[in-house]
Protein chains: 4
Amino acid sequence: MIVSLEGSADRGRVTGALAALGLSVAAVEEDRAGSVSLVVGACSAPVEADVVARIPGVRAVSMPRSVHPRVSEQGAVVLAGGVEIGAAPVLMAGPCSAESEEQVSACAAALAPLGVAFLRGGAFKPRTSPYAFQGVGLPGLRWLRDAADRNGMRVVTEVMGESGVGPVAEVADLLQIGSRNMQNFALLKAAGAAKKPVLLKRAMSATVEEWLLAGEYLLASGASGVVFCERGIRGFDTSTRNLLDLGAVALLAHVHKLPVIVDPSHAMGRRDLIPAMSRAALAAGATGLMIETHPSPADARSDGPQAIPLASMAELVASLGIPPRAALRRAGGRA
Amino acid sequence: MIVSLEGSADRGRVTGALAALGLSVAAVEEDRAGSVSLVVGACSAPVEADVVARIPGVRAVSMPRSVHPRVSEQGAVVLAGGVEIGAAPVLMAGPCSAESEEQVSACAAALAPLGVAFLRGGAFKPRTSPYAFQGVGLPGLRWLRDAADRNGMRVVTEVMGESGVGPVAEVADLLQIGSRNMQNFALLKAAGAAKKPVLLKRAMSATVEEWLLAGEYLLASGASGVVFCERGIRGFDTSTRNLLDLGAVALLAHVHKLPVIVDPSHAMGRRDLIPAMSRAALAAGATGLMIETHPSPADARSDGPQAIPLASMAELVASLGIPPRAALRRAGGRA
Amino acid sequence: MIVSLEGSADRGRVTGALAALGLSVAAVEEDRAGSVSLVVGACSAPVEADVVARIPGVRAVSMPRSVHPRVSEQGAVVLAGGVEIGAAPVLMAGPCSAESEEQVSACAAALAPLGVAFLRGGAFKPRTSPYAFQGVGLPGLRWLRDAADRNGMRVVTEVMGESGVGPVAEVADLLQIGSRNMQNFALLKAAGAAKKPVLLKRAMSATVEEWLLAGEYLLASGASGVVFCERGIRGFDTSTRNLLDLGAVALLAHVHKLPVIVDPSHAMGRRDLIPAMSRAALAAGATGLMIETHPSPADARSDGPQAIPLASMAELVASLGIPPRAALRRAGGRA
Amino acid sequence: MIVSLEGSADRGRVTGALAALGLSVAAVEEDRAGSVSLVVGACSAPVEADVVARIPGVRAVSMPRSVHPRVSEQGAVVLAGGVEIGAAPVLMAGPCSAESEEQVSACAAALAPLGVAFLRGGAFKPRTSPYAFQGVGLPGLRWLRDAADRNGMRVVTEVMGESGVGPVAEVADLLQIGSRNMQNFALLKAAGAAKKPVLLKRAMSATVEEWLLAGEYLLASGASGVVFCERGIRGFDTSTRNLLDLGAVALLAHVHKLPVIVDPSHAMGRRDLIPAMSRAALAAGATGLMIETHPSPADARSDGPQAIPLASMAELVASLGIPPRAALRRAGGRA
């Protein structure tokens with residue numbers, strides 16, 4: 001926001017009035033004709049231009065074009081498989097990896113009645129070691145789609161490379177880009193070209209600005225919408241697996257007015273803290289949660305310690321205080 | 001927790017049962033006689049020993065002595081000035097710096113009716129530059145005490161050095177140790193010797209374990225109780241002033257069962273995100289909040305951009321959903 | 001390393017002797033028969049097994065299979081375009097972006113006489129914003145190859161996506177994987193399949209273990225060798241662009257015995273600190289440097305502030321104290 | 001640096017010329033009379049004002065007052081116990097903790113002939129746990145002074161609290177402020193009041209600016225000089241104990257022209273990497289090293305894994321390539 005002053009304005013008084021609104025002045029500019037403008041810092045509080053225009057001494061208020069214009073204009077609601085993400089709390093849940101048709105099927109059958117709108121599960125898994133389980137591949141996509149369809153759910157699943165965009169886009173209602181690929185620009189362009197909504201996880205040490213610009217890549221390439229997902233950033237303390245940055249969630253939700261989902265499972269890496277952090281995420285402004293569950297966590301092929309037993313999901317969902325069935329608000333069902 | 005197995009036990013099956021309870025096995029030990037024990041990782045989920053003892057194949061369960069025994073045994077409630085911190089949500093609020101008797105007085109008069117139990121305010125300020133305002137000193141302590149007494153409030157204020165412990169302990173119900181002094185061991189010992197309860201802020205990049213051990217210094221030196229305070233750690237993204245680690249709050253509250261206060265003002269450094277993060281903090285498990293307010297933030301001598309205008313505090317408190325007057329639960333008033 | 005003890009051994013005494021060698025004991029294991037083994041921590045000092053075997057009380061010493069066996073067995077020298085990287089200091093230099101045939105040509109002509117073995121330059125650029133200059137694309141690859149060939153140099157250039165592996169592998173002697181793609185596992189697999197040597201930059205917040213495992217992906221997929229490149233990790237202080245982790249360089253060079261290149265240009269983001277950090281990198285154990293230069297930094301289309309003016313490169317190279325022409329050691333020229 | 005332009009100047013051309021010198025423009029200001037000034041960013045390259053003044057279109061160049069004027073004016077050499085720190089490489093070595101008179105004595109006797117100018121050793125130890133060895137206290141100070149005097153060495157030792165300043169200042173030639181106390185402002189003021197030179201270790205997550213301002217506290221309180229000491233900052237990778245930030249060392253040495261010592265022992269936490277990082281530190285611009293050694297590391301009461309065996313110190317010092325006796329340059333001996 002650029003606040004132009006009247007010639008007679010008391011600059012200090014205007015600065016004080018802006019500060020009282022939560023707006024900090026990042027720079028003062030003066031043009032050749034001697035008229036002064038105050039440049040308001042990028043991450044200041046969201047204040048309507050006309051409120052600022054009413055401050056005595058202010059001549060005009062203008063808004064510079066955003067560095068990520070498509071993200072800035074997207075709005076707070078993204079439609080995915082007919083579900084409005086951003087309108088009311090949305091739950092996404094399922095196993096870390098799609099391991100078998102039975103496992104996926106059991107998850108969907110148990111989760112749908114709880115109001116979980118999206119079935120999650122990885123068919124392709126990004127694993128730190130090349131020798132770790134890499135996912136079951138294409139059959140997993142089929143299991144997810146079938147199980148979701150049988151239970152009136154949507155599918156969100158990760159696409160790991162350019163060549164995977166086609167098969168994943170065929171079954172997923174929401175394409176997931178993982179943390180490690182947040183700045184894989186070739187993938188962002190390819191995923192965007194699928195013209196679908198994308199769930200964009202924040203990279204391990206990405207700034208909010210870098211995250212928004214990654215979203216801009218998606219929208220500029222054709223994505224129908226971007227839902228941001230905070231899953232914890234890299235920290236120095238190993239008592240939790242990652243460091244959940246709910247301040248960034250509040251910033252996206254309340255200042256940038258964007259839909260943001262929180263994944264407390266990867267953030268904490270331990271199931272005992274997931275209920276509390278799920279509630280905290282919603283309180284911070286998250287529009288939904290993505291939670292890993294497994295019929296038998298002790299047997300999970302990946303991330304067992306952070307999986308909520310499927311049998312405990314009802315209790316967890318009940319503890320969130322989400323209005324009944326809010327999670328399943330549909331605009332009409334999947335075409 | 002050390003889980004000793006029966007000779008005939010199936011180790012894999014027991015490990016699986018532990019995992020299902022959220023307990024990870026950090027090491028396997030075998031004594032000379034061949035009996036095997038599973039050592040459960042320090043930060044695993046809190047599970048009662050008798051639940052584990054019931055797993056088939058388990059012979060006995062024992063708990064090793066904590067590295068911070070006094071902190072481990074303290075319990076979730078600390079009494080300060082007759083107020084039980086930990087029993088019900090507690091609010092602490094006031095200006096960053098005590099600037100004048102009028103300012104302090106105005107804050108107390110406005111905050112007490114809102115159920116704010118503790119009046120905060122710095123008489124001595126830790127400032128990055130030696131040329132920045134260093135606080136008004138001793139008179140500020142008097143203003144805080146008098147204003148608190150006139151309004152039935154308690155006082156929490158920072159002690160910055162060994163020589164300041166005496167004067168601060170004379171007026172404060174709760175001594176505050178700031179982030180920069182969390183590992184100032186000379187101060188921890190001196191503050192503990194005052195035999196009062198202490199609010200211990202987490203250092204900028206302290207692990208949870210280091211924080212608990214700093215609390216152990218206080219208790220070992222005589223402090224009557226330690227209340228932990230998360231105020232944001234150092235991060236790489238400047239869109240918020242610090243990085244609020246609510247995962248650590250959940251860990252302290254739910255696993256270690258300790259009272260923890262969150263200071264969203266220093267964490268965010270910008271007032272627009274404070275309401276959302278206050279609610280998120282309570283949802284994560286915080287037993288209270290410490291919030292900076294000022295009658296006129298634009299005129300504040302320190303930290304103005306993060307101060308909530310005093311006139312807006314009623315709205316903020318109302319938005320927290322705390323039961324009326326819960327914040328002011330007293331055990332009998334200040335002796 | 002697993003150190004098995006004799007039945008009569010004094011465990012404390014052996015542990016002390018190990019500590020004196022820089023070896024820390026991570027775990028103690030005892031088998032059913034009562035024989036005790038000490039498990040030495042993964043990142044302990046590199047000590048030959050026979051030195052440990054001579055400690056009184058030690059029965060046997062065994063080495064567990066590495067979690068990244070191909071990386072562990074690769075060795076310290078990788079051949080790229082006939083140049084032995086790891087044998088003697090290797091210089092890689094060129095512009096951030098290949099901007100024009102003239103620019104690339106001028107760089108190569110000026111750098112070759114200085115002993116710079118590898119011409120670097122991006123034809124495809126990973127940019128934070130989709131609206132920033134994305135590189136000239138395929139023609140840039142041609143310019144690099146031609147300029148290198150005319151001057152007896154090799155080419156190192158970045159491959160940004162699976163679909164780019166073919167064209168890049170056709171011209172590059174050394175394929176570069178950028179920081180943002182270090183855990184783009186689809187790209188690692190595709191790049192490895194080109195059967196060429198790869199320069200693998202460390203991700204912004206990757207641990208050394210994660211970096212080595214990313215290298216393992218490359219070797220497991222067919223890469224003929226992996227050269228690691230430290231280019232600074234994300235830090236909290238903006239006085240330098242990134243935080244150059246020379247401790248990790250020393251760890252790779254001296255403990256893991258792997259070839260590691262340092263890119264001080266991206267690490268510092270400002271040219272004034274590049275000479276000092278180049279010398280520090282070589283002192284820490286780097287086997288070479290990758291430095292950005294430009295005929296006219298003020299006109300550079302990307303990263304101008306960190307580019308060394310081409311006219312200053314001779315002075316910089318001279319200050320490194322590398323033996324004349326050591327950088328151009330060839331096994332026989334490019335086939 | 002503020003660069004005022006002539007009325008007819010081409011702003012873009014001047015900005016380009018500044019960029020070519022490594023100077024980035026942080027802001028553009030225009031006064032009421034319409035004359036334009038370019039504000040050069042704080043951490044730009046060090047360029048003399050008269051070089052900038054010669055750029056066509058520049059009317060005048062002015063330097064704003066530093067936020068830490070005393071530090072800015074201190075200069076690169078600090079005198080401690082008659083030794084010029086900053087003039088030639090200075091070595092400081094000794095045990096982590098002063099454990100016994102014999103241990104301290106043996107260290108001094110072995111180190112002095114190697115050209116180690118300063119004997120280090122902690123009499124008071126900042127330990128994370130209150131139950132860990134806290135140092136031998138006052139007797140340790142005496143052992144250090146006596147051993148140093150017998151061998152023509154100086155003493156550097158840590159002061160942990162305000163009440164310790166007196167006794168420590170009595171024996172130390174150089175007072176050490178530890179990392180955990182870098183922003184213990186009460187201690188900085190008390191230590192400065194001793195009118196002696198101070199070695200100021202960087203806090204675990206301090207920015208360079210915060211570090212310089214902590215130095216300003218010391219000088220403003222009367223310290224006769226400040227020597228900065230980088231000992232590694234907190235990182236996310238446990239393969240080294242801390243993250244040695246040699247970029248900050250280069251910044252202090254080459255841009256701020258201040259004396260900076262590197263402590264590779266605490267930075268690495270493992271002795272095998274200390275020789276390489278010692279050489280890297282000197283190459284980056286460090287004016288000296290502080291190294292922990294012990295007659296028998298396996299028996300050390302603290303930090304054994306990072307101690308160089310006393311018997312190996314000669315080899316380490318020889319590997320540094322410091323000119324013989326350069327470390328012991330004296331201005332005349334201790335008064």
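1. In this predicted model, strand 7 (residues 90–94) of chain A pairs with strand 8 (residues 118–120) of chain A in the parallel sense, over 2 bridges. Within that pairing, A:Ala93 has A:Leu119 of strand 8 as its bridge partner. Strand 7 of chain A also pairs with strand 14 (residues 288–294) of chain A, again in the parallel sense and over 5 bridges; here A:Leu91 is bridged to A:Leu289 of strand 14.

2. Helix 4 (residues 101–111) and helix 5 (residues 138–150) of chain A pack with their axes 9 Å apart and at an angle of about 30°. Because angles under 35 degrees count as roughly parallel, helix 4 of chain A is placed in that class relative to helix 5 of chain A. The crossing of the two helices is right-handed.

3. On the helix 4 side of this contact in chain A stand A:Glu101, A:Val104, A:Ser105 and A:Ala108, which meet A:Trp143, A:Leu144, A:Ala147 and A:Arg150 of helix 5. By class, the contact comprises 5 nonpolar, 1 polar and 2 charged residues.

4. In chain B, 4 strands form an open sheet in the order 2-3-1-4, with antiparallel pairing. Strand 2 (25–30) and strand 4 (58–62) of chain B lie at the edges; each has a single partner strand, so one side of each is left without a neighbour in the sheet. Neighbouring strands of this sheet are turned by 20° against each other on average, direction ignored.

5. B:Ile2 has B:Ser62 in strand 4 as its bridge partner. Helix 1 (residues 11–20) of chain B packs on the sheet and touches strand 1, strand 2, strand 3 (36–40) and strand 4 of chain B. The direction of this helix makes about 20° with that of strand 3 of chain B.

6. C:Glu210 belongs to helix 8 (residues 208–220) of chain C. This residue counts as buried because its relative accessibility is 11%, under the 20% cut-off. Apart from its neighbours within four places in sequence, C:Glu210 is in contact with A:Thr128, A:Arg234, C:Met182, C:Gln183 and C:Ser205.

Definitions and conventions. Residues numbered from 1 in each chain as written. Chains lettered and ligands numbered in written order. Predicted model: local features only at pLDDT ≥ 70, side-chain atom pairs only at ≥ 80, totals over all residues. Heavy atoms only, no water. Pairing = 2+ DSSP bridges. Axes fitted to C-alpha atoms, helices over the stretch in contact; angles between N-to-C directions. Contact = heavy atoms within 4.5 Å. Buried < 20%, exposed > 50% of the residue type's maximum accessible area, 1.4 Å probe, protein only. Parallel < 35°, antiparallel > 145°, perpendicular 65-115°, else oblique. Left-handed = near helix turned anticlockwise from the far one by under 90°. Nonpolar A, V, L, I, M, F, W, Y, C, P; charged D, E, K, R; others polar.
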